[in-house]
Amino acid sequence: LEPETPYKIFCFAEDDWVLQSAAASTSPNFVSPSNPNKSPFPPVQSLVAAIGTQTTLDETPPEFTKLDMQNPTANNDRIVVTFALNEPGTVYCRARRADSA
């Protein structure tokens, strides 16, 4: 798959019971299947339509375009960090004691 490229997602399933049924042939209720149990095409088309076109993500991580911190001694109950990224993203911050590992 190429980054930042739209794709349609096509899903199809097939039951392999016909391939695995030999192990069940000793059962008194065994009926040999004629062929694999496949997904009918109309539900597959409905699933393609429901999923819609999906675009892959880019391969480059976001970069900070702004990263500032107010003087940490200005308040006893908070640390104020201001940031901006060059693309949509999430930044996680965690305060930690300086002497912790």
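Biologist: How accessible is F83, and what does that count as?
Modeller: This is a predicted model, mind you. F83 comes out at 37% relative accessibility, so it counts as partly exposed.

Biologist: Which ring does F83 pair with, and how are the planes set?
Modeller: With F64. The ring centres are 6.4 Å apart and the planes sit at 90°, so that pair is edge-to-face. F64 is in strand β5 and F83 in strand β6, so the pair ties together parts 19 residues apart in sequence. F64 is partly exposed too, with a relative accessible area of 45%.

Biologist: How many aromatic pairs does the structure hold?
Modeller: Two. F10 and F41 also pair, with centres 6.3 Å apart and planes at 45°, so that pair is tilted. It links distant parts of the chain, 31 residues apart: F10 is in the loop between β1 and β2, and F41 is in helix α2.

Biologist: Switching topic, what lines the largest pocket?
Modeller: M69, P72, I79, V81, C93, R94 and A95. That's six nonpolar residues, no polar ones and one charged. The volume is about 150 Å³.

Biologist: Where is N71, and what does its side chain contact?
Modeller: N71 is in the loop between β5 and β6. Its side chain makes a polar contact with the side chain of T73, at 2.7 Å. N71 counts as partly exposed, at 48% relative accessibility.

Biologist: How far is N71 from V81?
Modeller: Their C-alpha atoms are separated by 9.7 Å, and the two are 10 residues apart along the chain.

Conventions. Residues are numbered from 1 along each chain as its sequence is written. This is a predicted model: local features need pLDDT of at least 70, side-chain atom pairs count only at pLDDT 80 or more; totals for chains, interfaces and linings use all residues. Side-chain values use heavy atoms; hydrogens and water are left out. On a 1 Å grid over the protein atoms alone, a cavity is a set of points where a 1.4 Å probe fits but cannot get out, and a pocket is an open set with protein on both sides within 12 Å along at least five of seven lines; lining residues have an atom within 4 Å of a point. Grid points are joined across faces, edges and corners, and a volume is the space filled by probe spheres set on the points. Ala, Val, Leu, Ile, Met, Phe, Trp, Tyr, Cys and Pro count as nonpolar, Asp, Glu, Lys and Arg as charged, and the others, Gly among them, as polar. Helices (H or I, at least four residues) and strands (E, at least two) are DSSP runs, numbered from the N terminus. Buried means under 20% relative accessible area, exposed over 50%, partly exposed in between (1.4 Å probe, protein chains only). A polar contact is a pair of N or O atoms within 3.5 Å; within protein, one must be able to donate a hydrogen and the other to accept it, and residues adjacent in sequence count only if both atoms are side-chain atoms. Rings of Phe, Tyr and Trp (its six-membered ring) pair if their centres lie within 6.5 Å; planes under 30 degrees apart count as stacked, over 60 as edge-to-face and the rest as tilted.
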